[in-house]
Amino acid sequence: MSGKEPLTIGVAGPIDLGRLSALLETYDPATKGLGSPLITDLVLSLLGRGHRVRVFTLSMNRGDLGDYVGDGLSLHVRYFRERGRWLDGFRAERRLLASAMGRYECDVIHAHWTYEFALAALASDTPSLVTVHDWGPEVLRHHRHPYRLVRLLMQAQVLRKALFLTANSPYIAEKIGKWYRRDSPIVPNGIVVPDQLPRAHGGELRTIGSVNNGFGKRKNVTVLLEAFAQLRRNCPGAMLRLVGSDYQPGGPAHEWAQERALDVGVEFVGPIPSSEIPAFMQSIDVLVHPSLEESFGMTLLEAIIQGTPVIGGEQSGAVPWVLGYGEAGTLVDVTDPDAICQAILDLPGDPTELDDLRNRALDHTREHFSLDRVVDQYEQLYRDILSQGKQ
């Protein structure tokens, strides 16, 4: 197989059905499905390079289900049970996906996350690459629930069985090496990086933002709320905007903050569509990412490409690596409200200095995380896998 020959690539993972529907004949999905912009961007990039792509995904809405064909693209959507799916280890979902993979043949299947999509790919008798996007033991440590234990066991099965793995950060690669004594190439998450910043910045830092899903210990937003209360003493007009599940008005985060009088100046936005993330990033002056652990941290890149300075945890998994160990953002002890508050106050007030910071962050992101560079790496891995023969 020559290096220029188009491949038929299966992509298994959560996908934004709405963004693919325009490329398919007679498909009008009821929802966006599981809606991952990351995997959707990869699919569109592979199509743009002339490959044939078959997408295997799941949806909780039966109106989304079926097999659909377009120019170079086919989409195969199976049912994702709303309740009880973890009780049998997602067996029904895995069987539906594996059956579709067997019916619609591919040269190689690229499965994302080490759960139902990866197990289905490994059962399909097709050469498969699995990208590890998170670390089950760490997730379970912060979310002690039988659901997370089942997910951990699924991940362990995948990591023992899969012949070809990639890790999305050195943090994840180190975990795989330590626990499973195997090497895994590092291919980061990719993002479309603009040639230049899309907006100017006035230099005044008045609106702080944060994007998190879940109000648990791992996300550490309680410390951010404490830090923001301190910041208001120095900057009485400052605002904090909180986006994500559990951050809606009247939600868990709002109730927690109200009980402690930490809600002054805080806007509890709640979940927003991924299409609205760029506008949100442009509406804030700095993004604070207080998470204690991240396997990557796409939110950081989403802020940087909109010209928004970022602050993240110096010990928060992959966050220091994503931020170039301080080249592309400020790293602090996110367990310390004083440190977060001071990091915000220490951001440059001079517009020229702030623009220098923003451009350095953009350059770092372009060099290390541009979608084109990521897809180059995946294309080479697909061909390397095929050169080794079928599993």
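An open sheet of six strands, in the order β10-β9-β8-β11-β12-β13, has parallel pairing in this predicted model. Helix α8 packs on that sheet and also packs with helix α13.

**The sheet**

- The edge positions are held by β10 (266-270) and β13 (330-332).
- Each of these two strands has a single partner strand, so one of its sides is left without a neighbour in the sheet.
- From one strand to the next, the twist averages 25°.

**Pairing of β11 and β12**

- Strand β11 (residues 286-289) and strand β12 (residues 310-313) run parallel and are joined by three bridges.
- V288 stands opposite I311 of β12.

**α8 on the sheet**

- The strands touched by α8 are β8 (207-211), β9 (239-243), β10 and β11.
- The direction of α8 makes about 165° with that of β9.

**α8 against α13**

- Helix α8 covers residues 221-234 and helix α13 covers residues 337-345.
- Their axes lie 8 Å apart, and the packing angle is about 50°; α8 and α13 are therefore oblique to each other.
- The crossing of α8 past α13 is right-handed.
- On the α8 side, the contact is made by V223, L224, E226, A227, Q230, L231 and N234.
- On the α13 side, P337, D338, I340, C341, I344 and L345 make the contact.
- By class, the residues of this contact are nine nonpolar, two polar and two charged.

Key. Residues are numbered from 1 along each chain as its sequence is written. This is a predicted model: local features need pLDDT of at least 70, side-chain atom pairs count only at pLDDT 80 or more; totals for chains, interfaces and linings use all residues. Side-chain values use heavy atoms; hydrogens and water are left out. Axes are lines fitted to C-alpha atoms, for helices over the stretch in contact, and angles run from 0 to 180 degrees between N-to-C directions. Helices (H or I, at least four residues) and strands (E, at least two) are DSSP runs, numbered from the N terminus. Angles under 35 degrees count as roughly parallel, over 145 as roughly antiparallel, 65 to 115 as roughly perpendicular and the rest as oblique. A crossing is left-handed if the near helix is turned anticlockwise from the far one by less than a right angle, and right-handed if clockwise. Contact means heavy atoms within 4.5 Å. Ala, Val, Leu, Ile, Met, Phe, Trp, Tyr, Cys and Pro count as nonpolar, Asp, Glu, Lys and Arg as charged, and the others, Gly among them, as polar. Two strands pair if DSSP finds at least two bridges between them.
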